[in-house]
Amino acid sequence: MEQGKQGVMVAKLMPNQNPIEQLQLRFKELENGFKSWLSKQSLPVEAAVVTVTSAAQGAAIGGFMGTLTNDVSSSLPTPPQGSLNPQAMASLQQAQALSGGPLVQARNFAVMTGVNAGISCVLKRLRGKEDVQSSMVAAFGSGAMFSLVSGMGGANQAANAITSGLFFALVQGGLFQLGQKFSQPPAEDIYYTRTRTMLNNLGLQNYEKNFKRGLLTDNTLPLLTDSALRDVKIPPGPRLLILDHIQRDPELKERRGIRG
């Protein structure tokens with residue numbers, strides 16, 4: 001009884017949370033628990049689970065896309081195959097592979113996403129990292145399997161599988177490099193950071209914009225002189241505080257001595 005009363009009191013004291021936020025939190029907990037369990041499994045088990053789950057997601061996406069393209073493809077007339085030359089027939093097969101019904105697209109996307117995720121999982125466990133080489137190898141495998149399953153390219157399936165794999169690998173490699181470039185934070189100038197810390201310690205945060213406006217960057221900031229401070233429009237009082245701080249800092253004093 002007492003525990004029940006305490007539970008009611010705690011429930012009353014806790015604020016009402018948004019149901020959507022609760023669902024998102026619950027889903028995040030389940031996802032983290034699943035990843036934690038999966039990381040403890042052997043390589044074959046992890047690869048199989050990752051491949052199956054990714055294939056299921058790809059099938060769902062492909063089925064949805066197939067419902068959108070099915071109406072368009074059904075409205076187009078299908079010419080007799082005997083009246084087409086081999087190149088036109090190959091183009092028709094590629095169009096049919098990309099605009100099939102829900103089941104066809106679900107199969108194609110399931111194979112593509114499942115193979116990609118499975119190869120990536122195996123390479124990550126074996127190499128201990130995920131880089132552009134692993135991404136391109138996984139994309140090559142998924143592109144080749146997509147070409148074989150969807151029937152793109154006509155009769156010469158082996159050559160078209162290699163071509164599709166290379167195309168997928170190049171695109172994935174470019175996207176990976178682009179994502180790496182934009183995901184890395186810009187390198188911060190350690191000398192400017194040191195000078196900004198100096199201003200904060202002296203209570204002169206408002207003068208940081210003067211340093212930026214004066215274009216004092218890189219290793220010039222610790223080499224401040226009275227004339228340099230005058231150039232960036234620091235009033236006499238704060239200027240003396242900065243110079244005094246530089247004199248008391250051994251590293252700044254040593255670097256400033258290099259100049260002169």
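Mentor: A helix here is a DSSP run of H or I with at least four residues, and numbering starts from the N terminus. The model is a predicted one. Ser164 lies in helix 7, which spans residues 157-183.

Trainee: Why is Ser164 called buried?

Mentor: The cut-off for buried is under 20% relative accessible area. Ser164 has a value of 15%, and is therefore buried.

Trainee: Which residues does Ser164 touch, beyond those up to four places away in sequence?

Mentor: Ser164 touches Gly143 and Ser147. Contact requires heavy atoms within 4.5 Å.

Trainee: How do you know that helix 6 and helix 7 pack against each other, and at what angle?

Mentor: The axes of helix 6 (residues 132-150) and helix 7 are 7 Å apart, at an angle of about 145 degrees. Angles run from 0 to 180 degrees between N-to-C directions. The crossing of helix 6 past helix 7 is right-handed. In this contact, 14 residues are nonpolar, eleven are polar and none is charged.

Trainee: Leu148 is also in helix 6. Why is Leu148 called partly exposed?

Mentor: Leu148 has a relative accessible area of 38%, so the term partly exposed applies. Apart from neighbours within four places in sequence, Leu148 is in contact with Gln157 and Ala161. Leu148 and Ile162 are 14 residues apart in sequence, and their C-alpha atoms are 9.9 Å apart in space.

Trainee: What makes a set of residues a nonpolar core, and which residues form the largest one?

Mentor: The members must be buried residues of the listed nonpolar kinds, joined through side-chain atoms within 4.5 Å. The largest such core has ten residues: Tyr192, Met198, Leu199, Leu204, Phe211, Leu229, Ile234, Ile242, Leu243 and Ile246. Helix 8 (190-201) and helix 11 (236-248) are the elements that give two or more residues to this core. Beyond its neighbours within four places in sequence, Leu199 has contacts that include Leu204, Phe211 and Ile242.

Trainee: How many helices and strands does the protein have, and how much of it is buried?

Mentor: The protein has twelve helices and zero strands. Of its 260 residues, 28% are buried. Its accessible surface comes to about 17,400 Å², and carbon and sulfur atoms hold 62% of that.

Trainee: What share of the contacts with a separation of 6 or more joins residues 24 or more positions apart?

Mentor: The share is 64%.

Notes:
Residues are numbered from 1 along each chain as its sequence is written. This is a predicted model: local features need pLDDT of at least 70, side-chain atom pairs count only at pLDDT 80 or more; totals for chains, interfaces and linings use all residues. Side-chain values use heavy atoms; hydrogens and water are left out. Buried means under 20% relative accessible area, exposed over 50%, partly exposed in between (1.4 Å probe, protein chains only). A crossing is left-handed if the near helix is turned anticlockwise from the far one by less than a right angle, and right-handed if clockwise. Ala, Val, Leu, Ile, Met, Phe, Trp, Tyr, Cys and Pro count as nonpolar, Asp, Glu, Lys and Arg as charged, and the others, Gly among them, as polar. Accessible areas come from the Shrake-Rupley method with a 1.4 Å probe; for residues, only the protein chains shown count as cover.
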